[in-house]
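Let's take a walk through this structure together, one region at a time. Have the sequence and the 3D view open beside you as you read.

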Amino acid sequence: MPTKEELLKAKIPCPETGITVRRTFCDICSPGAHCGVDAYVKDGEIIKIEGTKDHPLNQGLLCTKGASNRQYIYREDRIKTPLKRTGPKGSGQFAPITWEEAYQTIAEKLLGYRSQYGAQSVFFSSGYSKWYRPFLQRLCYSFGSPNYGTESGTCFTSGLMAWETATGFPTRPDMRNCRLFLGWAHNPYFSGYLGARNTERLKKDGVKFIIIDTMYTQTAEKIADLFLQPRPGTDGALALAIGNELISNDWIDHDYIDKYVHGFEEYAQYCKGFNKDNVEALTGVPYEKVQKAAQMIHEYGHPMSIRESNAPLAHHVNGMQNYRAIMALSAITGNYDRKGGQTPSPFTFTHQSAGYHTLEHEFVDEARRRSMAVPVGGTRFPLWNELEKEAQIMDLSRQILEGTPYPIKALLAFGMNFRMFPDSEHSMKKALEELDFFVDVDLFMTDSSQYADIVLPACSSFEREEFKCYPGGYAYFTTPVIPPLYESKSDTDIMCDLARYMKLDDPLLTKGYRACMEYILSPISYTVSQLQDADKPLKVPEFRPHEEYAALRKGLLTPTGRFELKSEIIASHPEWGLDPLPTYREPLDDVDPEVYPLTLTEGGRLPNALHSRLHDVSWLRTLHPKASGEIHPDDAADYDIKEGDLMEITTPMGSITVEALLSKRIQRGLVSVYHDYREANVSNLLNRNRLDPYSGFPAFRSNRCRIAKKGEAHE
Ligand SMILES: Nc1nc2c(c(=O)[nH]1)N[C@H]1C(S)=C(S)[C@@H](COP(=O)(O)OP(=O)(O)OC[C@H]3O[C@@H](n4cnc5c(=O)[nH]c(N)nc54)[C@H](O)[C@@H]3O)O[C@H]1N2
Ligand SMILES: Nc1nc2c(c(=O)[nH]1)N[C@H]1C(S)=C(S)[C@@H](COP(=O)(O)OP(=O)(O)OC[C@H]3O[C@@H](n4cnc5c(=O)[nH]c(N)nc54)[C@H](O)[C@@H]3O)O[C@H]1N2
Ligand SMILES: [Mo]
């Protein structure tokens with residue numbers, strides 16, 4: 001028999017050790033994942049974690065980020081109590097206050113701005129976290145402000161808008177049932193490890209892969225049957241050329257187009273402009289590869305599933321139009337609303353499609369008022385405003401600093417990272433300095449929190465209860481595995497408390513998280529307690545799998561009821577100056593190419609990092625310790641730069657210095673920099689006005705730059 005010490009050392013859960021295993025999930029990365037976690041708890045502390053073996057998503061696996069959860073949640077800079085700022089902004093001088101004082105102050109201030117400047121002068125924002133969003137949105141609308149805006153205004157919404165324009169539905173690839181997978185900017189080895197596992201499984205099952213990426217990635221190397229390497233932001237021209245090739249070879253689905261597609265003739269005509277004479281000059285991809293792609297789509301593309309990755313395709317001044325040009329391939333080959341193609345997937349909860357309905361949208365919409373002002377960004381980005389009816393957060397700093405069309409006085413932020421914004425120093429950081437009142441709710445004391453008037457401590461997913469849905473009809477309701485650390489609270493409790501302190505006329509929100517979730521989940525058979533008792537995701541009886549052609553036959557949610565290659569929403573608003581067809585324009589600005597001969601792409605994902613939140617977690621930081629920039633060895637040779645040298649990258653907006661990494665995976669002429677490093681903030685190199693006029697998205701992935709050697713590797 002092992003001794004108690006041995007059992008403790010091996011962290012064995014049993015009565016002798018007092019260790020218990022409790023279940024929750026990791027919420028560090030994308031809302032789509034949230035892998036199941038078994039937390040080993042002793043005396044209220046998490047001493048070990050493992051992936052949950054019978055979790056339907058991760059089946060026991062965890063990635064590097066997930067495996068570092070203990071270091072993440074026990075970070076030294078966790079905010080311990082509510083704080084109020086006592087020194088100048090940015091000085092780091094704060095004093096602890098009680099929750100009571102914090103709530104009283106916030107309520108008094110926000111209500112004061114509401115009566116003096118109107119409810120729209122208060123902005124309610126969210127960073128990358130998604131789990132609480134319907135609550136924040138409802139809080140905002142119940143307060144009377146139209147200004148709810150989130151990080152999705154740089155991430156996900158451009159792709160969503162492209163689908164809404166064409167079909168009216170959010171849409172996802174039915175990868176599991178396809179014969180050909182078109183992975184457009186798809187490198188799950190870095191950005192979603194479960195996607196990499198699924199991709200490898202399909203490859204073994206004989207699925208064919210076309211991978212289109214600006215870099216020769218692990219996915220290109222291991223998976224691709226055909227690899228195309230365009231220059232950043234030229235994907236629209238490439239997709240239109242593939243469309244042209246499919247049409248001129250008559251490799252399209254005429255019956256499907258006749259019945260379900262709108263604007264084909266005009267689209268086909270427009271595609272003719274992208275052909276063997278210009279495609280290589282426009283995109284860098286040899287025409288033979290375009291032909292080969294079209295041929296593979298013809299041979300294997302029934303069904304064909306396309307994954308257009310939201311961020312790298314959207315992060316260009318022409319991003320949404322490029323995305324629409326790629327989607328068009330699904331329509332002309334008859335793959336939309338088809339098994340193994342791309343399927344309409346209405347959201348179940350917080351941007352996730354799980355195949356059943358909840359009352360999330362009712363929960364938000366019933367608090368929305370008709371008379372509210374135009375949200376921030378609504379005038380500048382009219383298509384966004386038409387489709388999303390939320391604020392486009394990319395226009396927030398401008399409106400704070402300029403005060404037009406109306407002043408923004410206060411910001412209630414859940415997770416604010418000013419480095420998320422282009423030209424951060426002069427945009428969002430400056431705006432935080434200028435704001436009259438800024439409340440930041442976060443787990444950690446961040447560089448942005450330094451500018452807050454009040455800072456509130458949020459707890460992690462291990463310390464709260466939370467609802468989550470998963471594809472395939474699953475519903476999961478966690479229970480806290482440890483109590484909230486220090487005086488931290490769950491974000492949704494903070495929102496509901498604030499609704500009470502401000503005495504908002506919202507009988508549901510003021511009842512708290514549980515009551516709201518019971519309402520939101522009322523269409524499903526399980527109660528919140530039943531879901532919690534199960535301790536793992538349950539399959540909901542109301543789950544309805546995708547039914548081929550159902551949406552097409554019923555009529556899509558577009559003005560014509562068809563898949564609109566030519567958008568009638570855009571056509572009916574000529575004053576917007578936007579094109580109804582997925583037209584193409586060059587992604588780079590007109591900065592002098594003689595002075596800035598290279599292209600800067602930034603924000604590629606790293607397996608060990610997630611935006612700003614993991615660079616301070618030491619296990620993960622050691623995997624990529626320095627801010628770096630990747631270049632092709634031949635470009636490096638031109639500038640006498642060697643691996644590890646210090647390299648200065650300059651754009652018209654400024655310079656940063658990073659470590660040079662040489663890689664043949666990157667194409668010549670391109671410099672790729674990872675983002676959110678405090679000591680080398682690449683966002684500062686970007687022009688904050690280089691935004692996609694369709695979506696308002698910034699051009700993180702295509703800018704002109706130049707480089708210079710700044711020092712030798714050993715310095
Ligand atoms: N330069 C550059 N900028 C980018 C991008 C890029 O590629 N390059 N990508 C864009 C994209 S796609 C995205 S998604 C965004 C990322 O958006 P960001 O909002 O920058 O993402 P994070 O840094 O992960 O999180 C922001 C803050 O939320 C806090 N936080 C974490 N969990 C919680 C929680 O449960 N509650 C609360 N209240 N706070 C929490 C974190 O500690 C952090 O301070 O950045 C965008 N900006
Ligand atoms: N480890 C980790 N995972 C993450 C995140 C993270 O920060 N870290 N962030 C999450 C978030 S918020 C998001 S939005 C997703 C993003 O997820 P992804 O889109 O998968 O991530 P990226 O690495 O930005 O881009 C994928 C590929 O697109 C290529 N690419 C870049 N620009 C272009 C282009 O113009 N055209 C083409 N064809 N390819 C291009 C890149 O070389 C890269 O290989 O990742 C999520 N997953
Ligand atoms: Mo994102």
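A residue counts as near a molecule if one of its heavy atoms lies within 4 Å of it. With that cut-off, ligand 2 has 29 residues around it, and those that come nearest are Ser191, Asp213, Asp235, Ser309 and Ala609. Keep in mind as you look that this is a predicted model.

Let's stay with ligand 2 and look at its polar contacts. Ser191 places a polar side-chain atom 2.6 Å from an oxygen atom of the ligand. Asp235 also uses its side chain, with a polar atom 2.7 Å from a nitrogen atom of ligand 2. Phe190 takes part through its backbone: a polar atom there is 3.0 Å from a nitrogen atom of ligand 2.

Now turn to ligand 1. Which residues are closest to ligand 1? They are Glu151, Asn417, Asp442, Glu602 and Ser612, out of 34 residues that surround this ligand. In the side chain of Ser612, an N or O atom is 2.4 Å from an oxygen atom of ligand 1. Arg613 has a polar side-chain atom 2.8 Å from an oxygen atom of ligand 1. The backbone contributes as well, through an N or O atom of Met420 that lies 3.1 Å from a nitrogen atom of ligand 1.

Next, find helix H4, which runs over residues 99–117. Which residues of H4 are buried? Trp99, Ala102, Tyr103, Ile106, Ala107, Leu110 and Tyr113 are. These residues cover an arc of only 135° around the axis, which means that they sit on the same side of H4. The spacing makes sense, because an α-helix has 3.6 residues a turn and residues three or four places apart point the same way. On the other side of H4 you will find Glu108, Ser115 and Gln116, which are exposed. Just after the helix, Gly118 takes a positive phi of about 95°.

What do the buried residues of H4 pack against? Their partners include helix H5 (133–143), strand E15 (410–414) and helix H21 (491–501).

That brings us to H21, where 8 of the 11 residues are buried, so this helix is largely enclosed by the rest of the structure. Among the buried residues are Asp491, Ile494, Met495 and Leu498. The buried residues of H21 pack against H4 in return, as well as H5, E15, E16, E17 and helix H22 (513–520). Just after H21, Lys503 takes a positive phi of about 55°.

Finally, let's look at some strands. Strands of a sheet pair through backbone hydrogen bonds, either parallel or antiparallel. An open sheet of 3 strands has the order E18-E19-E20, with antiparallel pairing. Its edge strands, E18 (466–470) and E20 (538–539), each pair on one side only. Between E19 (residues 474–478) and E20 there are 2 bridges, and Tyr474 has Lys539 as its bridge partner in E20.

Further along, strand E25 (residues 654–662) runs parallel to strand E23 (residues 628–631), joined by 4 bridges, with Gly629 opposite Ala660. Strand E24 (residues 646–651) runs antiparallel to E25 and is joined to it by 6 bridges. Here Ile649 stands opposite Ile656, and a hairpin joins E24 to E25 through 2 residues.

Notes: Residues numbered from 1 in each chain as written. Chains lettered and ligands numbered in written order. Predicted model: local features only at pLDDT ≥ 70, side-chain atom pairs only at ≥ 80, totals over all residues. Heavy atoms only, no water. Pairing = 2+ DSSP bridges. Expected span 1.5 Å × (residues − 1). Buried < 20%, exposed > 50% of the residue type's maximum accessible area, 1.4 Å probe, protein only. Arc of directions from axis to C-beta. Contact = heavy atoms within 4.5 Å. Polar contact = N/O pair within 3.5 Å; in protein donor to acceptor, adjacent residues only side chain to side chain.
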